[in-house]
Amino acid sequence: MEGFLKILGVAKPYVGVVFVQFGYAGMAILAKSALDQGMSQHVFVVYRHAVATLLIAPFAIVFDRKVRTKMTFSLFMKIVMLGLLEPVIDQNLYYTGMKLTTATFTAAMCNILPAFAFLMAWACRLEKVNILKMGSQAKILGTIVTVGGAMVMTFIRGPMLNLPWTSHNQLSASSSSASAAIHQDPLKGSLIIASGCICWSAFIILQAITLKAYPAEMSLTALICLVGTIGGSVVALVMDRGNPAAWSLHFDSQLLAIVYSGIICSGVTYYIQGVVMQTKGPVFVTAFSPLSMILVAIMSSFILSEIMFLGRVIGAVAIIAGLYLVLWGQSKDQLSVKSGCDKVTPCEQQMTGKDEASTTTMVQPSREFLVLDVDKETN
(Lines give C-alpha, C1' and ligand atoms only; values in the text may rest on other atoms or scores of the structure.)
Protein backbone atom coordinates (compact mmCIF):
# COMPACT_ATOMS: atom_id res chain seq x y z
CA MET A 1 0.00 0.00 0.00
CA GLU A 2 2.83 2.37 0.85
CA GLY A 3 4.49 1.61 -2.47
CA PHE A 4 1.29 2.39 -4.37
CA LEU A 5 0.87 5.70 -2.52
CA LYS A 6 4.47 6.57 -3.30
CA ILE A 7 3.97 5.88 -7.02
CA LEU A 8 0.73 7.88 -6.94
CA GLY A 9 2.52 10.82 -5.33
CA VAL A 10 5.23 10.77 -8.00
CA ALA A 11 2.71 10.47 -10.85
CA LYS A 12 0.33 13.23 -9.68
CA PRO A 13 2.26 16.19 -11.16
CA TYR A 14 2.56 14.43 -14.53
CA VAL A 15 -1.14 13.52 -14.59
CA GLY A 16 -2.02 17.10 -13.66
CA VAL A 17 -0.04 18.79 -16.44
CA VAL A 18 -1.21 16.25 -19.04
CA PHE A 19 -4.81 16.99 -18.02
CA VAL A 20 -4.08 20.71 -18.45
CA GLN A 21 -2.83 20.14 -21.99
CA PHE A 22 -5.89 18.04 -22.89
CA GLY A 23 -8.01 20.92 -21.58
CA TYR A 24 -6.16 23.48 -23.68
CA ALA A 25 -6.45 21.28 -26.78
CA GLY A 26 -10.23 21.02 -26.45
CA MET A 27 -10.46 24.75 -25.82
CA ALA A 28 -8.49 25.56 -28.97
CA ILE A 29 -10.94 23.67 -31.18
CA LEU A 30 -14.09 24.97 -29.45
CA ALA A 31 -12.82 28.55 -29.33
CA LYS A 32 -11.81 28.50 -33.00
CA SER A 33 -15.30 27.29 -33.92
CA ALA A 34 -16.90 30.08 -31.86
CA LEU A 35 -14.65 32.77 -33.33
CA ASP A 36 -15.30 31.55 -36.88
CA GLN A 37 -19.02 31.99 -36.21
CA GLY A 38 -18.41 35.68 -35.57
CA MET A 39 -18.04 35.88 -31.80
CA SER A 40 -15.89 38.74 -30.51
CA GLN A 41 -12.65 37.49 -29.00
CA HIS A 42 -12.70 40.30 -26.43
CA VAL A 43 -16.17 39.38 -25.19
CA PHE A 44 -15.16 35.71 -25.16
CA VAL A 45 -12.35 36.53 -22.70
CA VAL A 46 -14.76 38.35 -20.36
CA TYR A 47 -17.35 35.56 -20.28
CA ARG A 48 -14.66 32.90 -19.86
CA HIS A 49 -13.29 34.44 -16.67
CA ALA A 50 -16.69 35.38 -15.32
CA VAL A 51 -17.64 31.68 -15.48
CA ALA A 52 -14.35 30.70 -13.84
CA THR A 53 -14.81 33.23 -11.02
CA LEU A 54 -18.33 32.04 -10.24
CA LEU A 55 -17.12 28.42 -10.19
CA ILE A 56 -13.94 28.76 -8.11
CA ALA A 57 -14.90 31.51 -5.61
CA PRO A 58 -17.28 29.40 -3.43
CA PHE A 59 -14.73 26.57 -3.14
CA ALA A 60 -11.96 29.05 -2.33
CA ILE A 61 -14.02 30.66 0.45
CA VAL A 62 -14.69 27.28 2.08
CA PHE A 63 -11.46 25.32 1.58
CA ASP A 64 -8.83 28.08 1.81
CA ARG A 65 -10.09 29.84 4.92
CA LYS A 66 -7.23 28.41 7.05
CA VAL A 67 -4.36 28.89 4.60
CA ARG A 68 -5.03 32.42 3.32
CA THR A 69 -2.42 34.92 4.47
CA LYS A 70 -2.84 38.62 5.18
CA MET A 71 -3.38 40.72 2.06
CA THR A 72 -0.58 43.26 1.75
CA PHE A 73 -0.14 46.01 -0.83
CA SER A 74 2.74 44.12 -2.49
CA LEU A 75 0.66 40.94 -2.69
CA PHE A 76 -2.34 42.87 -4.03
CA MET A 77 -0.24 44.40 -6.82
CA LYS A 78 1.11 40.97 -7.77
CA ILE A 79 -2.43 39.59 -8.05
CA VAL A 80 -3.46 42.57 -10.20
CA MET A 81 -0.46 41.99 -12.47
CA LEU A 82 -1.34 38.29 -12.71
CA GLY A 83 -4.91 39.16 -13.68
CA LEU A 84 -3.71 41.54 -16.38
CA LEU A 85 -0.84 39.48 -17.84
CA GLU A 86 -2.63 36.26 -18.78
CA PRO A 87 -6.43 36.66 -18.54
CA VAL A 88 -6.46 40.10 -20.17
CA ILE A 89 -3.37 40.77 -22.32
CA ASP A 90 -2.32 37.26 -23.31
CA GLN A 91 -5.77 35.87 -24.03
CA ASN A 92 -6.88 38.88 -26.07
CA LEU A 93 -3.70 38.52 -28.13
CA TYR A 94 -4.09 34.72 -28.29
CA TYR A 95 -7.65 34.76 -29.63
CA THR A 96 -6.91 37.65 -31.99
CA GLY A 97 -4.02 35.62 -33.43
CA MET A 98 -6.27 32.56 -33.64
CA LYS A 99 -8.80 34.53 -35.69
CA LEU A 100 -6.04 35.36 -38.17
CA THR A 101 -4.73 31.78 -38.39
CA THR A 102 -5.96 28.28 -37.49
CA ALA A 103 -6.30 26.29 -34.27
CA THR A 104 -3.33 24.05 -35.14
CA PHE A 105 -1.16 27.01 -36.14
CA THR A 106 -1.97 28.81 -32.88
CA ALA A 107 -1.22 25.73 -30.78
CA ALA A 108 2.06 25.23 -32.65
CA MET A 109 3.15 28.84 -32.13
CA CYS A 110 2.50 28.51 -28.40
CA ASN A 111 5.37 26.02 -28.21
CA ILE A 112 7.75 28.95 -27.83
CA LEU A 113 6.28 29.24 -24.32
CA PRO A 114 8.74 26.78 -22.67
CA ALA A 115 11.71 28.70 -24.09
CA PHE A 116 10.48 32.04 -22.73
CA ALA A 117 9.53 30.48 -19.38
CA PHE A 118 12.92 28.76 -19.09
CA LEU A 119 14.81 32.00 -19.73
CA MET A 120 12.63 34.00 -17.32
CA ALA A 121 12.88 31.35 -14.60
CA TRP A 122 16.65 31.29 -15.07
CA ALA A 123 16.81 35.10 -14.76
CA CYS A 124 14.59 35.05 -11.63
CA ARG A 125 16.66 32.22 -10.06
CA LEU A 126 13.69 29.87 -10.02
CA GLU A 127 15.55 27.43 -12.26
CA LYS A 128 19.14 26.39 -11.59
CA VAL A 129 21.40 26.04 -14.61
CA ASN A 130 24.98 24.84 -14.59
CA ILE A 131 26.38 24.67 -18.11
CA LEU A 132 29.01 22.14 -17.01
CA LYS A 133 26.38 19.62 -15.85
CA MET A 134 24.68 17.20 -18.23
CA GLY A 135 21.19 17.86 -16.83
CA SER A 136 21.38 21.60 -17.55
CA GLN A 137 22.83 20.95 -21.00
CA ALA A 138 19.90 18.63 -21.74
CA LYS A 139 17.38 21.29 -20.65
CA ILE A 140 18.96 23.92 -22.89
CA LEU A 141 19.24 21.55 -25.87
CA GLY A 142 15.69 20.27 -25.31
CA THR A 143 14.33 23.82 -25.31
CA ILE A 144 16.11 24.58 -28.61
CA VAL A 145 14.87 21.33 -30.20
CA THR A 146 11.30 21.99 -29.00
CA VAL A 147 11.21 25.48 -30.48
CA GLY A 148 12.84 24.21 -33.70
CA GLY A 149 10.23 21.47 -34.02
CA ALA A 150 7.46 24.00 -33.52
CA MET A 151 8.91 26.18 -36.27
CA VAL A 152 9.15 23.20 -38.63
CA MET A 153 5.54 22.25 -37.92
CA THR A 154 4.38 25.82 -38.41
CA PHE A 155 6.23 26.94 -41.53
CA ILE A 156 7.07 23.72 -43.43
CA ARG A 157 4.00 21.94 -44.76
CA GLY A 158 5.52 19.27 -46.97
CA PRO A 159 3.45 16.79 -48.99
CA MET A 160 -0.12 15.94 -48.01
CA LEU A 161 -0.64 12.68 -46.11
CA ASN A 162 -3.24 10.24 -47.45
CA LEU A 163 -5.05 9.39 -44.21
CA PRO A 164 -8.17 7.18 -44.55
CA TRP A 165 -10.43 9.44 -42.47
CA THR A 166 -9.46 12.61 -44.40
CA SER A 167 -9.20 11.18 -47.93
CA HIS A 168 -12.67 12.41 -48.88
CA ASN A 169 -11.56 15.98 -48.13
CA GLN A 170 -8.32 15.96 -50.10
CA LEU A 171 -9.97 16.93 -53.39
CA SER A 172 -11.40 20.08 -51.85
CA ALA A 173 -8.33 20.85 -49.71
CA SER A 174 -6.82 23.34 -52.12
CA SER A 175 -10.07 25.25 -52.67
CA SER A 176 -10.91 25.39 -48.95
CA SER A 177 -7.37 26.51 -48.14
CA ALA A 178 -7.65 29.30 -50.72
CA SER A 179 -10.96 30.55 -49.32
CA ALA A 180 -9.66 30.38 -45.74
CA ALA A 181 -6.51 32.26 -46.67
CA ILE A 182 -8.56 35.31 -47.64
CA HIS A 183 -9.40 35.92 -43.97
CA GLN A 184 -6.02 34.83 -42.58
CA ASP A 185 -2.71 36.56 -42.06
CA PRO A 186 -0.20 34.00 -40.69
CA LEU A 187 2.68 36.49 -40.32
CA LYS A 188 0.65 39.04 -38.37
CA GLY A 189 -1.05 36.27 -36.41
CA SER A 190 2.27 34.66 -35.44
CA LEU A 191 3.64 37.98 -34.14
CA ILE A 192 0.51 38.55 -32.07
CA ILE A 193 0.58 35.02 -30.64
CA ALA A 194 4.31 35.30 -29.84
CA SER A 195 3.66 38.55 -27.95
CA GLY A 196 0.93 36.79 -25.99
CA CYS A 197 3.31 33.93 -25.13
CA ILE A 198 5.76 36.39 -23.58
CA CYS A 199 2.98 37.63 -21.29
CA TRP A 200 1.93 34.04 -20.58
CA SER A 201 5.49 33.13 -19.55
CA ALA A 202 5.70 36.18 -17.29
CA PHE A 203 2.37 35.16 -15.74
CA ILE A 204 3.64 31.64 -14.92
CA ILE A 205 6.86 32.98 -13.35
CA LEU A 206 4.98 35.60 -11.31
CA GLN A 207 2.45 32.98 -10.21
CA ALA A 208 5.29 30.81 -8.86
CA ILE A 209 6.72 33.79 -6.97
CA THR A 210 3.33 34.87 -5.59
CA LEU A 211 2.51 31.38 -4.29
CA LYS A 212 5.47 31.60 -1.92
CA ALA A 213 3.84 34.51 -0.10
CA TYR A 214 0.22 33.42 -0.69
CA PRO A 215 0.08 29.60 -0.68
CA ALA A 216 -3.72 29.44 -1.14
CA GLU A 217 -3.88 28.18 -4.74
CA MET A 218 -7.67 28.15 -5.03
CA SER A 219 -8.11 31.67 -3.61
CA LEU A 220 -5.34 32.98 -5.87
CA THR A 221 -7.10 31.41 -8.87
CA ALA A 222 -10.40 33.07 -7.95
CA LEU A 223 -8.75 36.49 -7.50
CA ILE A 224 -6.87 36.20 -10.82
CA CYS A 225 -10.10 35.34 -12.66
CA LEU A 226 -11.94 38.21 -10.93
CA VAL A 227 -9.27 40.72 -11.97
CA GLY A 228 -9.30 39.21 -15.45
CA THR A 229 -13.07 39.64 -15.69
CA ILE A 230 -12.89 43.31 -14.67
CA GLY A 231 -9.90 44.13 -16.87
CA GLY A 232 -11.28 42.16 -19.81
CA SER A 233 -14.60 44.01 -19.54
CA VAL A 234 -12.81 47.34 -19.92
CA VAL A 235 -10.95 46.08 -23.01
CA ALA A 236 -14.12 44.62 -24.55
CA LEU A 237 -16.15 47.79 -23.94
CA VAL A 238 -13.47 49.82 -25.71
CA MET A 239 -12.81 47.43 -28.60
CA ASP A 240 -16.47 46.55 -29.25
CA ARG A 241 -18.01 49.93 -28.50
CA GLY A 242 -21.15 50.61 -30.49
CA ASN A 243 -21.79 46.89 -30.98
CA PRO A 244 -24.08 45.66 -28.17
CA ALA A 245 -24.94 42.55 -30.21
CA ALA A 246 -21.41 41.25 -29.50
CA TRP A 247 -22.49 40.53 -25.90
CA SER A 248 -25.52 38.41 -26.83
CA LEU A 249 -25.47 34.70 -25.95
CA HIS A 250 -27.51 31.74 -27.16
CA PHE A 251 -27.61 28.04 -26.33
CA ASP A 252 -25.19 27.03 -29.05
CA SER A 253 -21.54 26.10 -29.58
CA GLN A 254 -20.42 29.58 -28.56
CA LEU A 255 -21.92 29.15 -25.09
CA LEU A 256 -20.35 25.69 -24.88
CA ALA A 257 -16.93 27.15 -25.71
CA ILE A 258 -17.34 29.84 -23.02
CA VAL A 259 -18.42 27.42 -20.28
CA TYR A 260 -15.77 24.85 -21.18
CA SER A 261 -12.96 27.44 -21.34
CA GLY A 262 -14.05 29.09 -18.10
CA ILE A 263 -14.35 25.89 -16.06
CA ILE A 264 -11.49 23.82 -17.49
CA CYS A 265 -8.97 26.28 -18.93
CA SER A 266 -9.23 29.11 -16.39
CA GLY A 267 -10.62 27.71 -13.16
CA VAL A 268 -9.19 24.18 -13.04
CA THR A 269 -5.92 24.71 -14.95
CA TYR A 270 -4.85 27.80 -12.98
CA TYR A 271 -5.34 25.80 -9.79
CA ILE A 272 -3.50 22.71 -11.08
CA GLN A 273 -0.63 24.85 -12.35
CA GLY A 274 -0.28 26.44 -8.91
CA VAL A 275 -0.26 23.08 -7.12
CA VAL A 276 2.29 21.53 -9.50
CA MET A 277 4.53 24.60 -9.38
CA GLN A 278 4.86 24.23 -5.61
CA THR A 279 6.81 20.99 -6.09
CA LYS A 280 8.08 20.97 -9.68
CA GLY A 281 8.58 24.62 -10.59
CA PRO A 282 7.32 26.72 -13.52
CA VAL A 283 9.57 25.21 -16.21
CA PHE A 284 8.11 21.74 -15.58
CA VAL A 285 4.58 23.09 -16.18
CA THR A 286 5.44 24.82 -19.45
CA ALA A 287 7.56 21.92 -20.74
CA PHE A 288 4.38 19.96 -21.47
CA SER A 289 2.80 22.65 -23.66
CA PRO A 290 3.89 20.90 -26.91
CA LEU A 291 1.45 18.10 -26.07
CA SER A 292 -1.42 20.52 -26.59
CA MET A 293 -0.29 21.22 -30.14
CA ILE A 294 -0.02 17.52 -30.96
CA LEU A 295 -3.46 16.87 -29.46
CA VAL A 296 -4.97 19.76 -31.43
CA ALA A 297 -3.48 18.41 -34.66
CA ILE A 298 -4.84 14.90 -33.98
CA MET A 299 -8.28 16.08 -32.82
CA SER A 300 -8.58 18.48 -35.76
CA SER A 301 -7.74 15.64 -38.12
CA PHE A 302 -10.41 13.31 -36.69
CA ILE A 303 -13.14 15.78 -35.64
CA LEU A 304 -12.79 18.48 -38.29
CA SER A 305 -11.20 16.26 -40.98
CA GLU A 306 -8.32 18.71 -41.21
CA ILE A 307 -5.70 17.76 -43.79
CA MET A 308 -2.37 16.59 -42.32
CA PHE A 309 1.01 17.37 -43.88
CA LEU A 310 4.38 15.66 -43.51
CA GLY A 311 6.05 18.80 -42.16
CA ARG A 312 3.67 18.86 -39.20
CA VAL A 313 4.41 15.22 -38.38
CA ILE A 314 8.18 15.79 -38.50
CA GLY A 315 7.81 18.86 -36.31
CA ALA A 316 5.71 16.92 -33.81
CA VAL A 317 8.39 14.21 -33.54
CA ALA A 318 11.05 16.87 -32.89
CA ILE A 319 8.88 18.47 -30.23
CA ILE A 320 8.42 15.15 -28.42
CA ALA A 321 12.20 14.61 -28.49
CA GLY A 322 12.81 18.10 -27.10
CA LEU A 323 10.21 17.60 -24.38
CA TYR A 324 11.90 14.36 -23.33
CA LEU A 325 15.28 16.10 -23.12
CA VAL A 326 13.89 18.90 -20.91
CA LEU A 327 12.20 16.47 -18.53
CA TRP A 328 15.23 14.17 -18.41
CA GLY A 329 17.53 17.11 -17.70
CA GLN A 330 15.30 18.40 -14.93
CA SER A 331 15.11 14.98 -13.27
CA LYS A 332 18.90 14.70 -13.55
CA ASP A 333 19.38 18.06 -11.82
CA GLN A 334 16.91 17.14 -9.08
CA LEU A 335 18.75 13.87 -8.40
CA SER A 336 22.09 15.68 -8.15
CA VAL A 337 20.61 18.18 -5.68
CA LYS A 338 19.13 15.39 -3.55
CA SER A 339 22.37 13.39 -3.57
CA GLY A 340 24.27 16.52 -2.57
CA CYS A 341 21.94 17.06 0.39
CA ASP A 342 22.30 13.43 1.46
CA LYS A 343 26.08 13.73 1.49
CA VAL A 344 26.09 16.71 3.86
CA THR A 345 24.26 15.13 6.78
CA PRO A 346 26.73 12.29 7.63
CA CYS A 347 29.67 14.70 7.45
CA GLU A 348 28.01 17.09 9.86
CA GLN A 349 27.26 14.28 12.28
CA GLN A 350 30.86 13.03 12.22
CA MET A 351 32.32 16.49 12.77
CA THR A 352 30.04 17.42 15.67
CA GLY A 353 30.05 14.02 17.34
CA LYS A 354 26.72 14.83 18.92
CA ASP A 355 23.45 12.96 19.01
CA GLU A 356 20.67 13.43 16.45
CA ALA A 357 18.67 15.86 18.53
CA SER A 358 21.54 18.24 19.14
CA THR A 359 22.58 18.05 15.51
CA THR A 360 19.06 18.94 14.37
CA THR A 361 18.98 21.86 16.82
CA MET A 362 22.33 23.08 15.57
CA VAL A 363 21.58 22.83 11.85
CA GLN A 364 17.98 24.08 11.86
CA PRO A 365 18.69 27.82 12.39
CA SER A 366 21.00 27.94 9.38
CA ARG A 367 18.20 26.46 7.23
CA GLU A 368 15.80 29.12 8.47
CA PHE A 369 18.24 31.88 7.58
CA LEU A 370 18.69 30.27 4.16
CA VAL A 371 14.91 30.33 3.55
CA LEU A 372 14.78 33.96 4.61
CA ASP A 373 17.60 34.85 2.23
CA VAL A 374 15.89 33.07 -0.67
CA ASP A 375 12.62 34.84 0.04
CA LYS A 376 14.41 38.20 0.08
CA GLU A 377 16.08 37.49 -3.26
CA THR A 378 12.77 36.34 -4.77
CA ASN A 379 10.87 39.39 -3.55
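Colleague: What makes phenylalanine 284 count as buried or exposed in this model?

Modeller: Good place to start! This is a predicted model, and in it phenylalanine 284 has a relative accessibility of 2%. Buried means under 20%, so phenylalanine 284 counts as buried.

Colleague: Where does phenylalanine 284 lie, and which residues does it touch?

Modeller: Phenylalanine 284 lies in helix 11, which covers residues 282–287. Leaving out residues up to four places away in sequence, phenylalanine 284 touches Pro13, Tyr14, Val17, Val276, Leu327 and Gln330. Take leucine 327 as one of them: phenylalanine 284 and leucine 327 are 43 residues apart in sequence, and 7.3 Å separates their C-alpha atoms in space.

Colleague: What share of the contacts in the chain joins residues 24 or more positions apart?

Modeller: Among contacts with a separation of 6 or more, 88% are between residues 24 or more positions apart.

Colleague: Are cysteine 197 and cysteine 265 buried or exposed?

Modeller: Cysteine 197 has a relative accessible area of 1%, and cysteine 265 has 0%. The cut-off for buried is under 20%, so cysteine 197 is buried and cysteine 265 is buried.

Colleague: What makes glutamine 207 buried, and what is it in contact with?

Modeller: Glutamine 207 has 2% relative accessibility. With the cut-off at under 20%, glutamine 207 therefore counts as buried. Beyond its neighbours within four places in sequence, glutamine 207 is in contact with Leu82, Leu220, Tyr270, Gln273, Gly274 and Met277. Glutamine 207 lies in helix 8, residues 186–213.

Colleague: How do helix 8 and helix 10 cross, and which residues meet there?

Modeller: Two packed helices are described by the angle between their axes and the distance between the axes. Here, the axes of helix 8 and helix 10 (residues 253–280) come within 10 Å and cross at roughly 65 degrees. The crossing of helix 8 past helix 10 is right-handed. From helix 8, Phe203, Ile204, Gln207, Ala208 and Leu211 meet Tyr270, Gln273, Gly274, Met277 and Gln278 from helix 10. Sorted by class, this contact has six nonpolar, four polar and no charged residues.

Colleague: How many helices and strands does the chain have, and what share of its residues is buried?

Modeller: The chain has 14 helices and zero strands. Of its 379 residues, 46% count as buried. In helix 5 (residues 113–123), the buried residues are Leu113, Pro114, Ala115, Ala117, Phe118 and Ala121. After helix 5 comes arginine 125, with a positive phi near 65 degrees.

Conventions. Residues are numbered from 1 along each chain as its sequence is written. This is a predicted model: local features need pLDDT of at least 70, side-chain atom pairs count only at pLDDT 80 or more; totals for chains, interfaces and linings use all residues. Side-chain values use heavy atoms; hydrogens and water are left out. Buried means under 20% relative accessible area, exposed over 50%, partly exposed in between (1.4 Å probe, protein chains only). Helices (H or I, at least four residues) and strands (E, at least two) are DSSP runs, numbered from the N terminus. Contact means heavy atoms within 4.5 Å. Axes are lines fitted to C-alpha atoms, for helices over the stretch in contact, and angles run from 0 to 180 degrees between N-to-C directions. A crossing is left-handed if the near helix is turned anticlockwise from the far one by less than a right angle, and right-handed if clockwise. Ala, Val, Leu, Ile, Met, Phe, Trp, Tyr, Cys and Pro count as nonpolar, Asp, Glu, Lys and Arg as charged, and the others, Gly among them, as polar.
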